[in-house]
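I opened my notebook to write down what I looked up about the strands and the surface of this chain. The sequence and structure come first, and my entries follow.

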Amino acid sequence: MATSSKHKKKKKKGMRKRTKRLIIMLVLEILIIAGLIGVIYAHSKISKIDFNRIETPISVNEIDSEAVETTESYRTVAFFGVDNRSNGNLDSGNSDVIIIASVNEKTKAVYLMSVYRDTSFDVDGNGKIRKANYAYNHGGPENALAMLNRNLDLNIQDYVTVDFRALVDAVDAVGGIEMTLTEDEARWTNQYMEEVAKVTKKPVDYVEAGTHVLSGVQVTGFCRVRYAGGDFRRAEVQREAVTKLAEKVKHASVGELNDLIDAVFPEVATSFTLAELM
């Protein structure tokens, strides 16, 4: 009897071990499948972006060793907003928005600096001075990056470009962003909105002075205003819009993120590879 009881206990113990192993294997399989689904999903979304890898390194000025050491922990990217009236054409157009983003790869802090569209630069490297927004329209992102490196002693090799529709769709996908307008800014925003709405085929909803949650068309109209505070104020509004949009994305739901990806990724051109974005 004692031998039989020991045998039963041993058999039960063996069954529990096998059951535990099966459960562990099942959990691992589920995690692997979930991971594969995640990779496939991410790949399907990111592949919508217009990838334009820059094969030849963008030229830079000779930079002293101290500057190289100071910036070695940073990755710098140029963001261009082009004023094309034909949506999706990101190869040319005046880059009326130029924002340089420096990312500290140790702390993950992001610093934004605007380059005003009317800044006088040696645009083509021939000594002829033109407005900064001219470079992208006459040589694409490669020429615009070379201009920034040449005139500002930078070493930027990567870019991201969007147009009117990308900003409109991004803001709408996260339910709008809160911004404050003066009376003068509201008046000019309403005028600029009409063209934005026409280009993007979105409705116009006029704004008043004060603090409001603005739609994509309203935000884009506001970001274009340069007669209420000049280009300094306009660039400030652009940085504020980008920052607030990033904050909304951080707290967006899965559904909002999916809407954002579906709407905006096809309207983005970048030098980053698919692997880098993944």
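I began with the rule that two strands pair if DSSP finds at least two bridges between them, and I noted that helices (H or I, at least four residues) and strands (E, at least two) are DSSP runs, numbered from the N terminus. The model is predicted, so local features need pLDDT of at least 70 and side-chain atom pairs count only at pLDDT 80 or more, while totals for chains, interfaces and linings use all residues. Residues are numbered from 1 along each chain as its sequence is written, and side-chain values use heavy atoms, with hydrogens and water left out.

Entry on β7. I looked up its partners and found two bridges to strand β10 (residues 269–270), running antiparallel, with V160 opposite T270. Strand β2 (residues 74–82) is joined to β7 by five bridges and runs parallel to it, and there A78 has Y159 as its bridge partner. I then checked how covered β7 (residues 158–162) is, and four of its five residues are buried (under 20% relative accessible area, where exposed is over 50% and partly exposed lies in between, with a 1.4 Å probe and protein chains only).

Last, I placed D64 in the loop between β1 (50–51) and α2 (65–71).
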